Amino acid sequence: MPQTVWFLTLPGVMALDVAGPAEAFTLADGNFTLRYIGPQENVLCSTGMTIGNIEPLPDTLPPESLLVVPGVYDSRSCYDTPQAKQARDWLQRQQAAIQAQTLMLVCVCSGALLAAQAGLLNGIQCTTHHDVLERMKATAPQAVIRENRVFVEDGSIWTSAGITAGIDLALHLITRLCGAQTALAVAREMVVWFRRSGDDPQLSPWLRYRNHLHPAIHRAQDAMMAHPEHSWSLGELAMRVHVSSRHLARLFRQHLGISVREYHEQLRVGIARQRQQQGEAAEKAALAAGFSSARQLRRARQRWDDQLTK
């Protein structure tokens, strides 16, 4: 059954804070249902468009719901309104469900400031748009604010940096809830970078080498992505995508700048890292990604980490 994503929609809401995550969740193979709630039925957003048919704030939200709090274009004025006060009071009433982790709170950009004003971030690791950080610190001195982060997770509370970071966070949540394949498909459809963690955005082999248009390479990459644990030989992969081994090797060098083996290893490292971030032990994550041991995984990871720091 699809999970419901509720967008708390206030006057002055940032259009991309809503539309970016909403598009990502919509494209995730029917795994999510979207609802828009707020203190008033129609609001003017940051781009001057009117968002209508907003549902009234319900007393409670069903278990396993995701509550998204988008930011606003001017948090000083937009959060100093009767509608913002009503939203803060309503958020406070959801605190028990958030603490019990039956409700996931997802704050985009300055939406974290509204959550902080509602008292939801005390003792919580969190982040927000860099322009709002100082006011967040003043509003919630007990919050553990992380600067220069794409997004931060603490229990059932997620917070992200400015604007497009909401898409990164949505992709990560889709990965967590629906799997990497679904998130990859969404990222490719949206033509955005596929980030897997808030502090590790640069290590994403999924889309780093997918900005080409050659169908044979895409077929080869899809095959390796579907079965990263398989020991793909160049000949076997070339036969799968209907080109010669020599031609496939040349295509990878020409369009990606790396070999087939190097791409496959990066993919395996990325998958193992993701599985570890989801709680798997190093040995189990290494074997699932196709490495013979956690030691082999560490060596491969070190090779690519060294290359990135050169």
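Predicted model: local features only at pLDDT ≥ 70, side-chain atom pairs only at ≥ 80, totals over all residues.
Colleague: Are the rings of F7 and Y36 stacked or edge-to-face?
Modeller: Planes under 30 degrees apart count as stacked, and those over 60 as edge-to-face. The rings of F7 and Y36 have planes at 20° and centres 5.2 Å apart, so this pair is stacked.

Colleague: How many residues apart in sequence are the parts that the pair of F7 and Y36 ties together?
Modeller: F7 belongs to strand 1 (residues 3-8), while Y36 belongs to strand 2 (residues 32-37). The pair therefore ties together parts of the chain whose separation in sequence is 29 residues.

Colleague: Is F7 buried or exposed, and what is its relative accessible area?
Modeller: A residue counts as buried under 20% relative accessible area. F7, by contrast, is buried, with a relative accessible area of 0%.

Colleague: Which residues form one aromatic cluster?
Modeller: Rings pair if their centres lie within 6.5 Å. One aromatic cluster is formed by Y209, F252 and Y263.

Colleague: What is the radius of gyration of the protein, and why is the protein described as compact?
Modeller: The secondary structure consists of 15 helices and 10 strands. For 310 residues the globule rule gives 19 Å, and the radius of gyration is close to that, so the protein is as compact as a globular protein of that length. The radius of gyration is 21 Å.

Colleague: Among contacts between residues at least 6 apart in sequence, what percentage join residues at least 24 apart?
Modeller: Along the principal axes, the C-alpha atoms fill a box of roughly 65 × 40 × 35 Å. Of the 310 residues, 50% count as buried. Among the contacts in question, the share joining residues at least 24 apart is 61%.

Colleague: How far apart are the mean positions of the positive and negative charges?
Modeller: The accessible surface comes to about 14,400 Å², with 49% of it belonging to carbon and sulfur atoms. As for charge, the protein has 31 positive and 28 negative charges. The distance between their mean positions is 10 Å.

Colleague: Which residues of helix 8 are buried?
Modeller: Helix 8 covers residues 180-190, and just after this helix V191 takes a positive phi of about 55°. Within helix 8, the buried residues are A180, T182, A183, L184, V186 and A187.

Colleague: Where does D29 lie, and is it buried or exposed?
Modeller: D29 has a positive phi of about 55° although it is not a glycine. Its place is the loop between helix 1 and strand 2. Over 50% relative accessible area counts as exposed, and at 62% D29 is exposed.

Colleague: What is the phi of N53?
Modeller: N53 sits in the loop between strand 4 (50-51) and strand 5 (65-69). At 66% relative accessibility, N53 counts as exposed. N53 is a residue other than glycine, yet its phi is positive, near 60°.

Colleague: Leaving aside neighbours within four places in sequence, with which residues is L16 in contact?
Modeller: L16 is placed in helix 1 (residues 15-26) and is partly exposed, with a relative accessible area of 35%. From L16 to S46, 30 residues apart in sequence, the C-alpha to C-alpha distance is 8.9 Å. Leaving aside those neighbours, the contacts of L16 are P21, I163 and T164.

Colleague: What distance separates the C-alpha atoms of L251 and I217?
Modeller: L251 is found in helix 12 (residues 245-255) and is buried, with a relative accessible area of 4%. Beyond its neighbours within four places in sequence, L251 is in contact with H214, A216, I217 and L256. L251 and I217 are 34 residues apart along the chain, and their C-alpha atoms are separated by 7.2 Å.

Colleague: What distance separates the C-alpha atoms of H129 and S259?
Modeller: H129 lies in the loop between strand 7 (125-126) and helix 6 (133-139) and is buried, at 16% relative accessible area. Neighbours within four places in sequence aside, H129 is in contact with C109, S160, A161 and G162. H129 and S259 are 130 residues apart along the chain, and their C-alpha atoms are separated by 39 Å.

Methods: Residues numbered from 1 in each chain as written. Heavy atoms only, no water. Buried < 20%, exposed > 50% of the residue type's maximum accessible area, 1.4 Å probe, protein only. Helix = DSSP H or I, 4+ residues; strand = E, 2+ residues; numbered from the N terminus. Rg over C-alpha atoms; globule rule 2.2 N^0.38 Å. Contact = heavy atoms within 4.5 Å. Areas by Shrake-Rupley, 256 points an atom, 1.4 Å probe, with all protein chains shown as cover. Lys, Arg positive; Asp, Glu negative; His and termini not counted. Charge placed at Lys NZ, Arg CZ, Asp CG, Glu CD. Phe/Tyr/Trp six-rings, centres within 6.5 Å; stacked < 30°, edge-to-face > 60°.
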